[in-house]
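Hi everyone, thanks for coming. I'd like to walk you through a structure that may be new to you, so please have a look at it with me.

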Amino acid sequence: MEKEMVKILAASPLFNGIPDNELAGMLGCLNPKVESFAKSSYIAVEGDEFAGLGILLAGEATVIKENAAGVRNVMTILGPGHMFGEMVAFSARRFWPASVFAQTECMVVFLPPGKITGECEKVCANHTRMINNMLQIVSEKALLLNRKVEYLSIRSMRVKIATYLLEQYKQTGKKTFYIPLKRNDMADFLNVSRTALSREMGRMRDVGLIEFYRSAVKINDLAGLMETVE
């Protein structure tokens, strides 16, 4: 299991630039805790005590926020190698800022926050590299949260959908791509209902902007889609 865990962790941005054999040695210092979670269970609950930086070893999970009315918003989707809780690691707060929900059976490794922030007495070159990686990850996460706020500020559903599809087009460089979010999760991310999302995507298909089948989308009218968001 340790060799498999090292292989997955080596692909995580947190350990970017650290050789596998040296990462294996670091684990003895980092003192990780591995836990398994059943499908449809909570890996972390918003407001509960922070258990440490989490990295998904197996399965799929979603990071979600709920408002006072219980409406769920999907912040991001997690797969093997992805991590969560990084926004708390350098903070004085020691509570989960969001919930993490297991979409499938999941296995997670938790790293004590003190080991991540450099409180370890054996701070080697690789440990310093890990801390630098962590700072970069936190910065990128802040930008992602800013993007989420931008979506919340868009009132038109069609503009939200067009903006999201154009982002996927820019990321893939292709007019035909797979949406990484399930329809429910995409609706939550855009802060709309699934029914309304499906209806509006159908209208966009009817006017020739896009075609779609399940998670596959094809942009037929790129200029028209770009004009939508202007």
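Before we look at any residue, one definition: two strands count as paired if DSSP finds at least two bridges between them. Keep in mind, too, that this is a predicted model.

With that in hand, let's begin at the sheet. Strands E3 and E6 pair in the antiparallel sense, over 2 bridges. In that pairing, Ile55 stands opposite Met83 in E6. Now let's step back to the whole sheet. It is an open sheet of 4 strands, ordered E1-E8-E3-E6, with antiparallel pairing. Which strands stand at the edges? They are strand E1 (33-37) and strand E6 (83-84); each has a single partner strand, so one side of each is left without a neighbour in the sheet. Helix H1, residues 2-10, packs on this sheet and touches E1, E3 and strand E8 (106-111). The direction of H1 makes about 115 degrees with that of E3.

Next, the charged side chains. As a general point, side chains of opposite charge can pair when their charged atoms come close. How many salt bridges does the structure hold? The count is 6, and I'll show you some of them.

Another brings together the side chains of Glu46 and Lys65, at 3.0 Å from N to O. This pair links distant parts of the chain, since its partners are 19 residues apart. Glu46 sits in the loop between strand E2 (42-44) and strand E3 (53-58), while Lys65 belongs to strand E4, residues 61-66. Glu46 counts as partly exposed, at 32% relative accessibility, and Lys65 is partly exposed as well, with a relative accessible area of 31%.

For the next one, please find helix H8, residues 194-206. Both Glu200 and Arg203 lie in this helix, 3 residues apart, which is about one turn. Their side chains meet in a salt bridge of 3.3 Å, N to O. Are these two buried or partly exposed? Glu200 counts as buried because its relative accessibility is 10%, under the 20% cut-off. Arg203, at 42% relative accessibility, counts as partly exposed.

Now a quick stop at a loop. Gln103 lies between strand E7 (99-102) and E8. At 15% relative accessibility, Gln103 counts as buried. What does Gln103 touch, leaving aside residues up to four places away in sequence? The contacts are Lys39, Glu60, Ala61, Thr62 and Asp185.

The largest pocket holds about 700 Å³. It is lined by 21 residues, and the closest to its centre are Thr76, Ile77, His82, Lys141 and Leu144. Which elements give two or more residues to the lining? These are strand E5 (72-78), helix H5 (125-153) and helix H6 (157-172). H5 gives the most, with 6 residues.

That's my tour, and I'm happy to go back to any part of it.

Notes:
Residues numbered from 1 in each chain as written. Predicted model: local features only at pLDDT ≥ 70, side-chain atom pairs only at ≥ 80, totals over all residues. Heavy atoms only, no water. Salt bridge = Lys/Arg side-chain N within 4 Å of Asp/Glu carboxyl O. Buried < 20%, exposed > 50% of the residue type's maximum accessible area, 1.4 Å probe, protein only. Contact = heavy atoms within 4.5 Å. Axes fitted to C-alpha atoms, helices over the stretch in contact; angles between N-to-C directions. 1 Å grid on protein atoms, 1.4 Å probe; cavity = no way out; pocket = protein on both sides within 12 Å on 5 of 7 lines; lining within 4 Å. Points joined across faces, edges and corners; volume = space filled by probe spheres on them.
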